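This text walks through one protein chain. Please look at the sequence and the structure first, then read on.

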Amino acid sequence: MLITTCVALIVSLIYILVITLPQHRKLSLSSLLASNTFLSAAVYSSAHFAIAISTLRGDIAVVNAVRYPLHNPFCMSSAFVFYCGCGLLYYSYVMEAVQRFARIVLYDYRWLYRRRIQLLLIVSQWIFCIVGTFVPLATTNQLRYDLHMNMCIIPIRSSGWTMYYAVFCYTIPLVLLATIYHRLIQYILTVRSRVSACLISGSAIITAQRQLSMIQRVIILVSILIISGLPYCAFIFIGFWTDPPEYQFRISFLCVDIALVSVVCTMFWHNRDIAQLRTFRDET
């Protein structure tokens, strides 16, 4: 967990520093949404990195196979940021999917993918995720200190709040992603069949064809995200009938961390701005 979260955090910060800060021009729409995704990944990775350090300290403090609770003043705060960052990261993928859908399918409505509208949607996304995660945690007092993980987390066998966060931070954004990209693929296939009959403009088919390879790559990334969350969801369902494994959080978090660093590194490598920098470096 330390290695994967550290790599994801470093890659996210590199993108933000290299692409966002040095530019004196306005960010393009794709760069703006990518910056939102990498900023969300940095928030999520930093909280998860703090949790991994706390877990390591707990393992080192084991004496004669007996665990002792360690004082961690950032236990609750890291848990708040962790749940909020998870929602921010997954919904940032939805924001990018919505932008691609608007640019390809709703290309006549250009106001939908203006920078000002997208900035408004990004701010709304952050407010939605913060309210949807922070307020329930702050008002219901669901966080508990887990001795085996040496961290603050919502126990799997607690009330329905565990299911709530699984649905809010994982299920809803992935369902939205699957729905949006399914509609995009259907549209591209329809455009291909209609272009020969001149029932659609040539610019639409060109835009759709340019996005097809990107959509295929994104679908692979979404599949990785879906698979990574299956262990945690499985432990939730197991918790309804019996006790889940003792280290269920370590197992599920490790799967999520591996998927996180895979997605972040892939997005960084295939990002258009990073690719342009690589091309410029090779030319010089």
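The side chains of Arg100 and Glu96 form a salt bridge, with 3.6 Å from N to O. A salt bridge is counted where a side-chain nitrogen of Lys or Arg is within 4 Å of a carboxyl oxygen of Asp or Glu, and by this rule the count comes to 1 salt bridge. Arg100 and Glu96 are 4 residues apart in helix 3, so about one helical turn separates them. Arg100 is buried at a relative accessible area of 12%, and Glu96 is buried at 11%. Here buried means under 20% relative accessible area, exposed means over 50%, and partly exposed lies in between, with a 1.4 Å probe and protein chains only.

The model is predicted: local features need pLDDT of at least 70 and side-chain atom pairs count only at pLDDT 80 or more, while totals for chains, interfaces and linings use all residues. Residues are numbered from 1 along each chain as its sequence is written, and side-chain values use heavy atoms, with hydrogens and water left out.

Now the chain as a whole. Its secondary structure comes to 8 helices and 2 strands, in the order α-α-α-α-β-β-α-α-α-α along the sequence. Helices (H or I, at least four residues) and strands (E, at least two) are DSSP runs, numbered from the N terminus. Of the 284 residues in the chain, 44% are buried. The accessible surface is about 14800 Å², and carbon and sulfur atoms account for 69% of that; such areas come from the Shrake-Rupley method with a 1.4 Å probe, and for residues only the protein chains shown count as cover. A contact means heavy atoms within 4.5 Å. Among contacts between residues at least 6 apart in sequence, 79% join residues at least 24 apart.

The UniProt record, an unreviewed entry, lists residues 74-93, 117-140, 161-181, 218-241 and 247-269 under "transmembrane region". Positions from UniProt are given in the numbering used here, with feature names shortened, and annotations may be inferred rather than shown by experiment. Over residues 117-140 the model is 100% helix and 0% strand, with the end C-alpha atoms 34 Å apart. Over residues 247-269 the chain is 96% helix and 0% strand, and there the end C-alpha atoms are 33 Å apart.

Helix 3 returns in the aromatic contacts. Which parts of the chain does the pair of Tyr91 and Phe168 tie together? Tyr91 lies in helix 3 (residues 75-104) and Phe168 in helix 5 (residues 161-195), so the pair links parts that are 77 residues apart in sequence. The two rings are tilted, at 5.7 Å centre to centre and 50 degrees between the planes. Rings of Phe, Tyr and Trp (its six-membered ring) pair if their centres lie within 6.5 Å; planes under 30 degrees apart count as stacked, over 60 as edge-to-face and the rest as tilted. Tyr91 and Phe168 are both buried, Phe168 having a relative accessibility of 7%.

Phe168 also pairs with Tyr164, and this pair is stacked, with 5.7 Å between the centres and 20 degrees between the planes. Tyr164 and Phe168 both lie in helix 5, 4 residues apart, which is about one turn of the helix. Tyr164 is partly exposed at 29%. The structure holds 14 aromatic pairs, and one aromatic cluster is formed by Tyr44, Phe82, Tyr83, Tyr91, Phe128, Tyr164, Tyr165, Phe168 and Phe253.

Another residue of helix 3 is Val81, partly exposed at 34% relative accessibility. Leaving aside neighbours within four places in sequence, Val81 is in contact with Val43 and Ala47. Ser12 in helix 1 (residues 2-20) is buried, at 0% relative accessibility. Not counting residues up to four places away in sequence, Ser12 touches Phe38, Ala41, Ala42 and Val264.

On the surface, Val123, Ile127, Ile130, Val131, Phe134 and Val135 form a nonpolar patch with about 500 Å² of accessible area together. Patches are made of residues with over 30% relative accessible area and no salt bridge; like charges are joined within 9 Å, and nonpolar side chains (Val, Leu, Ile, Met, Phe, Trp, Tyr) within 5 Å. Phe134 belongs to helix 4 (residues 115-140) and is partly exposed at 42%.
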